[in-house]
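Here is a quick tour of one protein model, written for someone who likes cut-offs spelled out. Have a look at the chain first, then read on.

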Amino acid sequence: MTDTPTPCVLSYALTTVPAPLTVSPPKSGPGNEDELAYGAIDLVISNSGTTPVRCSKIAIVLPVGTLAQDLALTGEGIAPYVEPESGWTVVGPQPDVLLAVPTAETAVFPAAGETTGQSSRVRFSVEPRGGASEVTVDGLYITLKNIAVSNKTGVARIGVEEWATTGDEIPATPNTATLEVAKFPFRSGADPSPGVGRALVAVTEQGGPPATRIGAGAPVRLEWNHVRGDNHELYMDGRRVSDATIAGGSVYPVPADTVLRDTAFALKTVTPTPDGGFVTRWDHLTVCVTDQRLAALTVNGALDAKGAVTAGSSLEVTGVVTAKSTLGVTGGATVGGTLGVTSGATVGGTLGVTSGATVGGTLDVTGQLTATALVQANGGLVVAADKTLTTHGPIDAKVGATVGGTLNVTGTLAGVSVTVTHGEWVDCAKESGNSSTAPSGQVMVGRKHSGDENGQTCYKYARLTVS
């Protein structure tokens, strides 16, 4: 003889998040390893009858497995919550069975329409073992979160077992009911419209403020919304970032010493559609850097720097260059207009200035220095050994000038002293067919001849020291 199941005396209403539930997505490309679909169940329980119901325990039974009739892949990791927390508690004796047990021995659900003068509330009584007490509630709410939804489309039946009665004695055998939950085929979690991105943002650190302007080399944290099934690609500086966590993730910490100048980021997201196709989405973001580090800089107009100017390679400016502090160029520097530097200027390569050059401190040039107008250095003027200083205007060095190679000045040389160290008369010979070459590092300062074309011609050279 088979016992006939007793139906539940309480009313149950169920909804899901998302609604409807969907199974796991298909593979959408590298990095997407069939991500699990997670969902939640919200269950509201109340007494819709006209007679009070006394309840001692309610059990929610979830079918677990990989079949179409199973709801969850596993019972592990499910997070239960019950409200009101003061009157009920949730325990999980088994991974797939969750019990809602009143804090007291039993709880009373008042009948529908039964009031005690407070029309906005419904009351029920809790009857503990040692006495009686009452707690007013609007109903019982149970939510089960973090459910790994089974990967087969179908209808799952959730079992409900309640130890409840409208009489005085709680039954030993529970009343039972089933609640059906449909699992639909995979759909992306948003409207698959091309071009609609994933809200890419940049912050200084986890939970920190937006990284709208940072110092050169400071770390940046990129975050975006990830919907299951998405496959992401991240681009910066004209290249794809090769990090395996980006494809199926929602965050990428850009390492320090990476963002050295204003940098544009692009996030490509490929999302599968229910019909087996794909939709491409894009996010674009630019992070500005305050003290940029540049490999090369070309400016068609004037360059006015309030602080230091540092170029890791070459600096080319068609107009005026004004540095209120230091100018440092690792490679060469070409200035189409005037070069004005408040402090010192150091050029690792060749410095060419179409107009004049005014340096508040020392002007140090490793390569050639060519200027068509005034070259003024309030400190020292230094040109590397074996290099040439050529200027078609005056040179004014307040402290001293050191030229390792040749000095060619069309204009005047001011603010420096030139020491001439004479040598002896050399290369004395018959004028006809005679020639002489200046020794290295010296210039010709004299020539003398006696007699006719057959007489003797001599030459004198000297070493010039500019200080």
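Which residue forms a salt bridge with Arg240? The partner is Glu233, and the closest N and O atoms of the pair are 3.6 Å apart.

## Ground rules

This is a predicted model, so to speak of local features a pLDDT of at least 70 is needed, side-chain atom pairs count only at pLDDT 80 or more, and totals for chains, interfaces and linings use all residues. Residues are numbered from 1 along each chain as its sequence is written, and side-chain values use heavy atoms, with hydrogens and water left out.

## The chain overall

The protein chain comes out with 0 helices and 44 strands. Those are DSSP runs numbered from the N terminus, with helices being H or I over at least four residues and strands being E over at least two. Of its 467 residues, 40% count as buried; buried means under 20% relative accessible area, exposed over 50%, and partly exposed in between, with a 1.4 Å probe and protein chains only.

Contacts (heavy atoms within 4.5 Å) give another view: among those with a separation of 6 or more, 48% are between residues 24 or more positions apart. The accessible surface is about 23,300 Å², and carbon and sulfur atoms own 52% of that. Areas come from the Shrake-Rupley method with a 1.4 Å probe; for residues, only the protein chains shown count as cover.

## Salt bridges

Side chains of opposite charge can pair when their charged atoms come close. The model holds 5 salt bridges, each being a side-chain nitrogen of Lys or Arg within 4 Å of a carboxyl oxygen of Asp or Glu. In the Arg240 pair, Arg240 is partly exposed at 47% relative accessible area, while Glu233 is buried at 14%.

Glu180 and Arg157 make another one, at 3.4 Å between the closest N and O atoms. This pair links distant parts of the chain, with Glu180 in strand S13 (residues 175-184) and Arg157 in strand S12 (residues 154-165), 23 residues apart. Glu180 is exposed at 53%, and Arg157 is exposed at 53% too. Then there is Glu223 with Arg221, at 2.6 Å; Glu223 is partly exposed, at 24%.

Asp42 sits in strand S3 (residues 38-46). Asp42 is buried yet has no salt bridge, and the nearest side chain of opposite charge, Lys145, is 6.8 Å away. For charge, Lys and Arg count as positive and Asp and Glu as negative, with His and the chain ends not counted.

What does the Asp42 side chain make a polar contact with? It pairs with the side chain of Thr143, at 2.7 Å. A polar contact is a pair of N or O atoms within 3.5 Å; within protein, one must be able to donate a hydrogen and the other to accept it, and residues adjacent in sequence count only if both atoms are side-chain atoms. Leaving aside residues up to four places away in sequence, Asp42 touches residues including Leu14, Val17 and Tyr141.

Pro18 lies in the loop between strand S1 (11-17) and strand S2 (21-22), and Pro20 is in the loop between S1 and S2.

Asp237, not a glycine, has a positive phi near 55°. Asp427 likewise has a positive phi of about 55°, and Asp427 is in strand S42.
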